Amino acid sequence: MTAPPAPPPSYPLDSTLPPQVLIGGNTVWSRYRQFPVFSGPWLRGRTVLFASVIAFFSAVTAFAVGFSARDYGVGALSGLHLLGAFTLMATAGPALATWVRYRRWPAARERRAVVLAVLVGVALSFLADFWASSYVEGVVEAAYRDNGQPLPDMAAEAPMAERVVAVAINLAVLVLIYGLFGGGLALRAYFSEQRRWLDNHHAQEVAQLRELKQHSDLRLGVLQAQVEPHFLFNTLASVRALVRQDPAQAEATLDALVEHLRSTIPQLRDDGDGLVHSTLGQQLDICASYLELMRLRMGGRLDFTIEADDALRARPYPPLLLITLVENAIKHGIEPKHGPGRVVVRALEDADHLNVAVIDDGVGLQPGLGSGVGLANVREQLLERYGGRAALHMRSAPGKGVEAEIRLPLEAPARSSATSDRATPA
């Protein structure tokens with residue numbers, strides 16, 4: 001199984017863990033766990049906690065040994081030995097591992113070095129404990145002899161089999177104590193933290209892939225809406241019918257189709273980051289080319305106007321959302337209407353929002369209008385990009401018809417737009 005990677009090299013070890021990786025550390029005595037394992041703040045907090053507990057047991061041991069040996073100086077020496085030995089045991093390995101982490105080595109090398117550092121720390125603390133224990137035992141024996149007391153030796157009175165079992169148990173206990181408190185538990189926490197980093201990294205990748213898929217789905221959906229077969233077939237059929245009756249009209253319709261495809265298809269290409277970036281001016285040009293094509297197809301009964309200042313045209317604007325509103329205005333408002341129809345696309349700016357409305361004088365709001373797939377996709381994209389700061393509103397316009405408006409928070413202009421607004425001549 002592949003080992004989990006270390007946290008990003010840029011992530012500071014002296015900072016608290018991000019919420020996605022943090023586990024525990026809500027109490028006063030475990031607050032050090034809010035920091036990465038084997039970091040400076042983690043080591044300081046852990047050392048203070050362990051030393052406080054060890055100091056309490058050392059004081060109890062000092063009193064007990066002093067009382068038994070009738071020499072409280074020897075008891076104090078035993079207590080200090082316990083305090084030093086167990087504090088060294090608890091911190092030597094983690095301290096070496098902390099030194100390793102601040103080297104910022106590659107992940108695989110760091111993991112191996114951390115394990116080795118803990119093992120070296122355990123070995124060093126065991127040797128120090130063995131030396132100190134031998135010294136203290138000698139002092140205690142001398143104290144008993146000076147006081148004329150026999151040195152307790154319960155092991156010598158026990159049968160050989162029991163002594164072997166006792167030695168084995170003591171060794172097992174020593175391995176357990178040194179292995180766990182000398183860095184074994186910290187190692188487990190270290191690798192658990194690494195795995196949480198990996199899970200968080202995977203979760204971010206999945207979220208990014210999901211976002212890219214949503215944008216891809218949007219581009220694909222718009223492309224299908226713009227270049228789907230029946231759209232092309234109907235337009236080409238209109239051209240074919242006009243070739244003999246009105247060649248000039250047929251040529252104008254074909255030119256309008258080419259212009260619409262030329263303005264639409266480049267908007268489906270990203271800038272290398274998986275996302276499409278555009279300006280309001282580019283989106284208005286797509287709407288204008290579509291409306292011009294539909295005007296020619298509908299025999300001139302459609303009139304339209306694009307109203308937007310040059311400064312607004314330079315504003316960043318989500319790609320291929322505005323055209324959905326224009327298509328709805330034609331399909332559900334103008335085409336079902338008898339007689340001429342008009343569509344106005346108007347961009348206005350207030351204090352902190354950019355408002356673009358598509359207004360038609362068609363048949364008005366019909367049951368189910370506003371809940372279709374296209375408009376649902378628009379709402380989803382607005383929510384994804386802006387959260388609750390953007391919205392799509394639909395309402396009946398004066399004198400029937402529908403007004404659909406996209407309201408976005410203002411962003412800095414992306415670039416100046418040299419393309420002028422298009423409108424059908426009166």
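Histidine 393 stands opposite glutamate 405 in strand 5. That pair belongs to the antiparallel pairing of strand 4 (residues 391–396) with strand 5, which runs over six bridges. Two strands count as paired if DSSP finds at least two bridges between them. Helices (H or I, at least four residues) and strands (E, at least two) are DSSP runs, numbered from the N terminus.

This is a predicted model: local features need pLDDT of at least 70, side-chain atom pairs count only at pLDDT 80 or more, and totals for chains, interfaces and linings use all residues. Residues are numbered from 1 along each chain as its sequence is written, and side-chain values use heavy atoms, with hydrogens and water left out.

**Overall figures**

- The secondary structure comes to 11 helices and five strands.
- The protein has 426 residues, and 40% of them are buried. Buried means under 20% relative accessible area, exposed means over 50%, and partly exposed lies in between (1.4 Å probe, protein chains only).
- The protein exposes about 23100 Å², with carbon and sulfur atoms supplying 62% of that area. Accessible areas come from the Shrake-Rupley method with a 1.4 Å probe; for residues, only the protein chains shown count as cover.
- Take the contacts between residues at least 6 apart in sequence: 73% of them join residues at least 24 apart. A contact means heavy atoms within 4.5 Å.

**Strand pairing**

- Strand 1 (residues 302–307) pairs with strand 2 (residues 341–349) in the parallel sense, over six bridges. Glutamate 307 has arginine 346 of strand 2 as its bridge partner.
- Strand 2 also pairs with strand 3, in the antiparallel sense and over seven bridges. Here arginine 346 stands opposite alanine 357 in strand 3.
- Strand 3 pairs in turn with strand 5, antiparallel, over eight bridges. Leucine 354 faces leucine 408 of strand 5 in this pairing.
- Strand 5 is largely enclosed by the rest of the structure, because seven of its eight residues are buried.

**Cavity**

- A search of the whole structure finds one cavity of 30 Å³ or more. The largest cavity has a volume of about 110 Å³.
- Its lining holds 14 residues; the closest to the centre are Asn328, Ala329, Asp360, Met394 and Val402.
- The search runs on a 1 Å grid over the protein atoms alone, and a cavity is a set of points where a 1.4 Å probe fits but cannot get out. Lining residues have an atom within 4 Å of a point. Grid points are joined across faces, edges and corners, and a volume is the space filled by probe spheres set on the points.
- Helix 10 (322–334), strand 3 (353–360) and strand 5 (402–409) each supply at least two lining residues. Helix 10 gives the most, with five.
- By class, the lining has eight nonpolar, four polar and two charged residues. Ala, Val, Leu, Ile, Met, Phe, Trp, Tyr, Cys and Pro count as nonpolar; Asp, Glu, Lys and Arg count as charged; the others, Gly among them, count as polar.

- Leucine 17 lies in the segment before helix 1 (40–69). Leucine 17 has a relative accessible area of 5%, so it is buried.
- Leucine 17 and proline 36 are 19 residues apart along the chain, while their C-alpha atoms are separated by 6.3 Å.
- Phenylalanine 38 also sits in the segment before helix 1. Its relative accessible area is 0%, so phenylalanine 38 is buried.
- Threonine 98 lies in helix 2 (residues 72–101). Threonine 98 counts as buried, because its relative accessibility is 6%.
- Threonine 98 touches Phe38, Ser39, Gly40 and Leu43, leaving aside residues up to four places away in sequence.

**Positive phi**

- Most residues other than glycine have a negative phi.
- Phenylalanine 38 is not a glycine, yet its phi is positive, near 65°.
- Arginine 104 has a positive phi too, about 55°, and is not a glycine.
- Arginine 104 lies in the loop between helix 2 and helix 3 (107–146). At 33% relative accessibility, arginine 104 counts as partly exposed.

Conventions:
1 Å grid on protein atoms, 1.4 Å probe; cavity = no way out; pocket = protein on both sides within 12 Å on 5 of 7 lines; lining within 4 Å.
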